[in-house]
Amino acid sequence: MHYRPLGRTGLNVSVLSYGASPLGGVFRDTDESEGIRTVHTALDLGINFLDVSPYYGLTKAESVLGKALKDIRRDRYYLATKVGQYGDGVFDFSAVRVTRSLDESCARLGVDYVDLLQCHDIEFADLDQIVNETLPALVQLRSAGRIGHIGITGLPLRVFPAVLDRAGPGVVDTILSFCRYELNDTALDSLIPYLQQRGVGIINASPTGMGLLTARGVPSWHPAPPAMLAGARRAVEYCQSVGADIVKLAIQFAVSHPAIATTLVGSANPANIRKNIAYTEEPVDFELMAKVLELLKPIRNHNFTRGRPENRDEIVA
Ligand code: NAD
């Protein structure tokens, strides 16, 4: 496993990291003990950054992750969770709620400190509230030593500069972008010089596009439009026809960007996380990669958007 610095946080994070949303049964019904074994496998094989949220499985993912971490030394991993999103369409970014949220998450996770606390999916929020109320509350928690660092997450890329331009320097330590740096979409790339200039750590999530680039395909709630699903399917089927695993290419593609500190992949299957970690070290089949990128060209950088109208990217397929 290779490690990269996460902006100016001082955290040296594994290039592939563990996203715990599947522990909440977000993609399929999962077996708790398998989920716990997946976390242990990830840590044993060098992953040192774990990401979760109270939203995943409506607190279930945090509870299962807490069980997995029960007997693990606290200095073996960096832990990130989130505030502000508590159910489908249920958001509360008030100072009171996010402060209580940290206590609730710590209780479920069995820790008294998280390394990174992130405002979850700010495209659904009033960004004035994020800048003027939520972030100041998180700064207080950081000053009090309750959290190490502060992050923001979202799908539309425009929300990141919209907040970073207005929050004071050093307020936001990291951004988490998902589905915008993967085989079919590299839009995050255009924002990287801006983020680097500000010393903001870059976390990329969902290298398979939340199941889009897997043989199983997407869960029913997946927001990709039909043309995007069909375009991705062509690439998945091509890889199957030549006996290759598209997940391998997807992971190798995501972790190869030197300015992206880490890429979060989700799994509740120990064998899959083991494979995913091995993929980061195996040689890249550049010929196959080129062929797959070519196949994905018709849908390249066409993605779904969401959030309040003023926060959406102009990119719908
Ligand atoms: P992902 O692209 O990592 O895909 C996960 C899916 O791929 C699951 O269905 C999993 O079973 C499958 N998979 C993983 N490895 C596989 C393998 N080797 N073979 C076959 N299938 C495999 O998407 P994700 O889980 O949504 O994203 C990763 C993590 O990033 C999340 O768990 C979460 O922690 C984080 N994330 C955060 C946000 C946010 O903050 N807004 C959004 C998306 C993701």
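Me: Why is the β-α-β unit of E9, helix H5 (residues 159-164) and E10 called right-handed?
Reply: Look along the strands as they point away from you: a crossover counts as right-handed if the path from the first strand over the helix to the second runs clockwise. E9, H5 and E10 make a unit of that hand, and so do E8, helix H4 (residues 127-143) and E9. Keep in mind that this is a predicted model, where local features need pLDDT of at least 70, side-chain atom pairs count only at pLDDT 80 or more, and totals for chains, interfaces and linings use all residues. Residues are numbered from 1 along each chain as its sequence is written, and side-chain values use heavy atoms, with hydrogens and water left out.

Me: How do you know that E9 and E10 pair?
Reply: Pairing takes at least two DSSP bridges between two strands. E9 and E10 have four, in the parallel sense, so they pair.

Me: Why is strand E9 (residues 147-154) called largely enclosed?
Reply: A residue is buried under 20% relative accessible area, exposed over 50% and partly exposed in between (1.4 Å probe, protein chains only). Eight of the eight E9 residues are buried, so the rest of the structure largely encloses the strand.

Methods: Helix = DSSP H or I, 4+ residues; strand = E, 2+ residues; numbered from the N terminus.
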